[in-house]
Amino acid sequence: MRIESRLAQIGSAKEPVTGAVSYPIYQATVFRHPKLGQSTGFDYARTKSPTRKVLEEAAAELESGDAGFACSSGMAALQTIFALFSQGDHLLVSLDLYGGTYRLIEQVMSRFGVTASYLDTNNIEALEANLRPGSTKAVLVETPTNPLMMITDLARVSEWAKSRGLLVIVDNTLLTPFFQRPLELGADIVIHSATKYLAGHNDVLAGLIVTKGKELSERMAFLHNSIGAVLGPQDSWLLMRGMKTLALRMERHQANASRIAEFLLEHPLVTDVYYPALPHHPGHEIQKRQSSGNTGIFSFRLKDPRLVEPVLRHVKLIAFAESLGGVESLMTYPAVQTHADIPEEIRRAVGVDDRLLRLSVGIEHCDDLIEDLGQALEQAARETEV
């Protein structure tokens, strides 16, 4: 079946007793044993839960992986993956990185002797130059990156990494398996902040891991159970329900974002728009080759930093709030919100400066969103005389 049908049918044929189309929430932590030495396959919910199992199987199938693991948040999923590494291990990591990932590496994993080099992961020469033979264990790629939408050629990087014996971990949060499937391009692990597009309604906190290969999947299962940052049955059900409409939502997110990006590109108060669907974007051709569509998030830079505060104050339909990927449109100021934990000199070198705003475009009517942005920019210009 095509992915639209597979998404809509998540869990619908999995309940054998009643035939419930909406898979039940098994709100249980323990399960009876038929007799000594026998198990139904479920013993304790941290190890395996019926509702979570259906979600995990769906995630693995959608990403063309061998095993899925649902976690209590995207950061919990990332921490579970990082548990693969040991003291002295080194990672090659995307430069334009989500601030929470940077914080976890630099303030937590560094205490356990795991280090990282941050670079343009699309630059093979830079990857080679930062490789530490014997110490470097993996490449962690965000593509597109957040918030500057840098694109990495996943097939090319995966081929290079395999020749060096490295794992390839890809954060697929912004595109989802509807638009991009990194495991099919050579990656070993895919991670999602499932809170975002997969759940899609700003009402559930979740993370997903999908692995390729029997040995790696078994290692991840051990870590998932041992660390125990697993997703509960209620949230597993909410996430499955959200994923059923992923195809419809992603198509609308993409359509809205494309139109709004073009509107802002022509606006006199905007100097830059970072969105891979735009032909001038440096990763445009790679994105077209490895993905079937574009995300609903992009960033833009205002002409003057004095415009930022009044724009955020005057948007009405668009909410000034963190996060992304929900049906409601949200605007974020990365320098002081999502990327505040990245040192200022690093942020500015990458381009996350005091003029950059990030817009997560929802599924509202596009004309209403454009009108809202237009009036906010107009009022900001009038107040600041920019």
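Helices (H or I, at least four residues) and strands (E, at least two) are DSSP runs, numbered from the N terminus. The model shown is predicted, so that local features need pLDDT of at least 70 and side-chain atom pairs count only at pLDDT 80 or more, while totals for chains, interfaces and linings use all residues. Residues are numbered from 1 along each chain as its sequence is written, and side-chain values use heavy atoms, with hydrogens and water left out.

**View 1. The second largest pocket and the elements around it**. A pocket is an open set of points on a 1 Å grid over the protein atoms alone, where a 1.4 Å probe fits, with protein on both sides within 12 Å along at least five of seven lines; lining residues have an atom within 4 Å of a point. At least two lining residues come from each of α2 (50-62), β1 (67-71) and α8 (214-227), and α8 gives the most, with 5 residues.

**View 2. Residues at the centre of the second largest pocket**. Of the 16 lining residues, T47, K48, E56, F69 and A221 lie nearest the centre. The lining divides into 3 nonpolar, 5 polar and 8 charged residues, where Ala, Val, Leu, Ile, Met, Phe, Trp, Tyr, Cys and Pro count as nonpolar, Asp, Glu, Lys and Arg as charged, and the others, Gly among them, as polar.

**View 3. The largest pocket and its lining**. This pocket is lined by 25 residues, and those nearest its centre are M75, Y98, D171, S193 and K196. Two or more lining residues come from each of α3 (74-82), β4 (136-142) and β6 (189-192), with the largest share, 3 residues, from α3. The lining holds 10 nonpolar, 10 polar and 5 charged residues.
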